[in-house]
Amino acid sequence: MQGVFSQVAVMGSSGMLLCAMIVLWRRGVAAYISAFMWQSVVLGALTAAVGYFGNDPQLYVVAVLLFGIKAVAIPKLLRRVSQRFTAGRESAPYVNTATSLVVSGLLVLLAYAAARPLEAVADAPTRAGMPLAMGLLFISLFIIISRKLAITQVIGFLMLENAIALLAVLATYGVPLIVELGVFLDALMGFLVMQIFLYDIHGTFSTTDVDVLERLKH
Amino acid sequence: MFDVAGIAVEIGQALLSLALAPALVGFIRWLKARMQNRRGAPIWQPYAELRKLFRKDMVVSRQASWVFHLAPFVIFGSTIVVSLLVPVLVTPLPFNAVADLFAVVYLLLLGTAFLALAGLDTGSAFGGMGSSREMTIAAISEPAIALAILSLALAAGSTNLGEIAARTIARPSSALSPGHVMAFVALFIVMLAETGRLPVDNPATHLELTMIHEAMILEYSGPYLALVEWASWLKLFVFAMLAGNLFVPWGLATSLAPAALAVAFATTLVKLVVIAAGVAVLETRVAKLRLFRVPELLAVSFVLGLLAVASSFSLR
């Protein structure tokens, strides 16, 4: 049972990590949105699985909320935003695709090194997934700093959020429901604020490429 | 353990690989045609192609040197040797002692290198272009495949292919470990790249701008062409067997009992059908990548291999 639990945790975390890598490999914003959606679906399923194996019915509620907000509502909003802006392609990121992929591999190795003390003190069967969650965190940050379109950066931020939720679920079987609700509200509000920013950037420069923000200096 | 039965099974396995390889390619083509609403040639079409080519005369360029004549035999021979080393039906084979991960990877590379040399040899423009592309791809895909199998080797504690398969049979839960799954995806991508399948090279066309494998063998005709083609089909078969029998080794016989061999034969066929279906679906769904995107795809495979190694290392 414990073996299966730990296996499921690691599988789920790897799946989420791969979804983040799709953002580094593909160019179209539509693909990023589906990658985020699938990542959230996996996170929801993993949360439910942790609830099942860890005997914590509260986590089912969290899983349902996760699914509703991150896998349905936010992707829908993202799609609407990306349809409003015509240029839905990340044509020239700051770091090219092949290098980004290699960097992401190195970041995961770094996460393995960084999570070693964390793994040593944890005794939950899910601890094997923790380095992967850390890796996801690093990769999401890397997406935010290496991509040019504001919408990709928003997706990177949302993935960062997913990474933190994953780390919480793996390390402590989730935080209390009330905190979780607060986090969801925060994420949603943050996303809405960013959406307004996106519209403003697009309205001023008629592109969401953050490079053009340089022009504000003159 | 050089017993007669073992050697017989070993040789039978190589002959079986040789016999099944064209059928595998024919099946993929047929399935692809069906999925694209075409009727498609029958599955045994590749056999007919081979028979036709072996009967034909050869036309050899006046500029061709001995490399051109040697290459088909080296390519065919090295691929057959690999098919002797990869577990197809039975896992502890008589030749198991040399069935090493690195031996397999570099024997495959030997064939690729000679194919590239043959492409350059006659001095035709297309051959050179194909060779340079093939070498670009081989240079990135070879470390990826080595990494992918290395992650299995780390989990099994041995780089021996038979040993890896035997360990996975003994510990079924390890087949779903993340390292295993990522290594499988990595190997699948490399398989597509190395055997000239769709996102990397289109096996169905001779379009000048995009062809890789076809460009290198453009100068070959008759029996030489048959040998080169057969070897490339055999290579696809070997990769399918690596993917099928190293990652999902159930059904593989661990003794030479006839019943176990029959089960192994049946499961091998099932695995081949599943892998062929996967390739056919993928080839129907995706378009060919631009050449400059190919290294990026192989970088994905490399990173997956790296992650697989990292996770098997930490879970050990």
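This report walks through some helices and contacts in a predicted model.

## Two helices side by side in chain A

Let's start with a pair of helices in chain A. Two packed helices are described by the angle between their axes and the distance between the axes. Here the pair is α6(A), residues 130-146, and α7(A), residues 150-172, which pack at an angle of about 165 degrees with their axes 8 Å apart. Angles over 145 degrees count as roughly antiparallel, so α6(A) is roughly antiparallel to α7(A). The crossing of α6(A) past α7(A) is left-handed.

Who does the touching? On the α6(A) side, the contact is made by A:Met130, A:Ala133, A:Leu136, A:Leu137, A:Ser140, A:Leu141, A:Ile143 and A:Ile144. The residues from α7(A) include A:Thr152, A:Gln153, A:Gly156, A:Phe157, A:Met159 and A:Leu160. Sort the contact by class and you get 16 nonpolar residues, four polar ones and no charged ones.

Now for the length of α7(A). This helix has 23 residues and reaches 33 Å from its first C-alpha to its last, close to the 33 Å expected at 1.5 Å a residue. After α7(A) comes A:Tyr173, with a positive phi near 55 degrees.

## Where chain A meets chain B

How many residues of chain A are in contact with chain B? There are 17 of them, and they are in contact with 16 residues of chain B. On the chain A side, the elements that give two or more residues are α1 (2-25) and α4 (97-114). The largest share, nine residues, comes from α4(A). By class, this side of chain A has eleven nonpolar residues, six polar ones and no charged ones.

## A helix tucked away in chain B

Next up is α7(B), residues 178-194. Because 16 of its 17 residues are buried, α7(B) is largely enclosed by the rest of the structure. Just after α7(B), B:Gly196 takes a positive phi of about 65 degrees.

Let's zoom in on one residue of this helix, B:Val181. Is B:Val181 buried or exposed? It has 20 C-beta neighbours inside 10 Å, so B:Val181 counts as buried. Leaving aside its neighbours within four places in sequence, B:Val181 is in contact with A:Ser14 and B:Leu176. By contrast, B:Val181 and B:Ala204 are 23 residues apart in sequence and 30 Å apart in space, C-alpha to C-alpha.

## Another helix in chain B

Chain B also has α10(B), residues 258-285. With 28 residues, α10(B) reaches 41 Å from its first C-alpha to its last, close to the 40 Å expected at 1.5 Å a residue.

Which residues of α10(B) are buried? They are B:Ala264, B:Thr268, B:Lys271, B:Leu272, B:Ile275, B:Ala276, B:Val279, B:Ala280 and B:Glu283. What covers these buried residues includes α1 (4-35) and α9 (222-247) of chain B.

## One residue in chain A

Last, have a look at A:Gln58, which sits in helix α3 (residues 58-84) of chain A. A:Gln58 has 13 C-beta neighbours inside 10 Å, so this residue counts as partly exposed.

Definitions and conventions
Residues numbered from 1 in each chain as written. Chains lettered and ligands numbered in written order. Predicted model: local features only at pLDDT ≥ 70, side-chain atom pairs only at ≥ 80, totals over all residues. Axes fitted to C-alpha atoms, helices over the stretch in contact; angles between N-to-C directions. Helix = DSSP H or I, 4+ residues; strand = E, 2+ residues; numbered from the N terminus. Parallel < 35°, antiparallel > 145°, perpendicular 65-115°, else oblique. Left-handed = near helix turned anticlockwise from the far one by under 90°. Contact = placed C-beta atoms within 7 Å. Nonpolar A, V, L, I, M, F, W, Y, C, P; charged D, E, K, R; others polar. Buried ≥ 20, exposed ≤ 12 C-beta atoms within 10 Å, placed from the backbone. Expected span 1.5 Å × (residues − 1).
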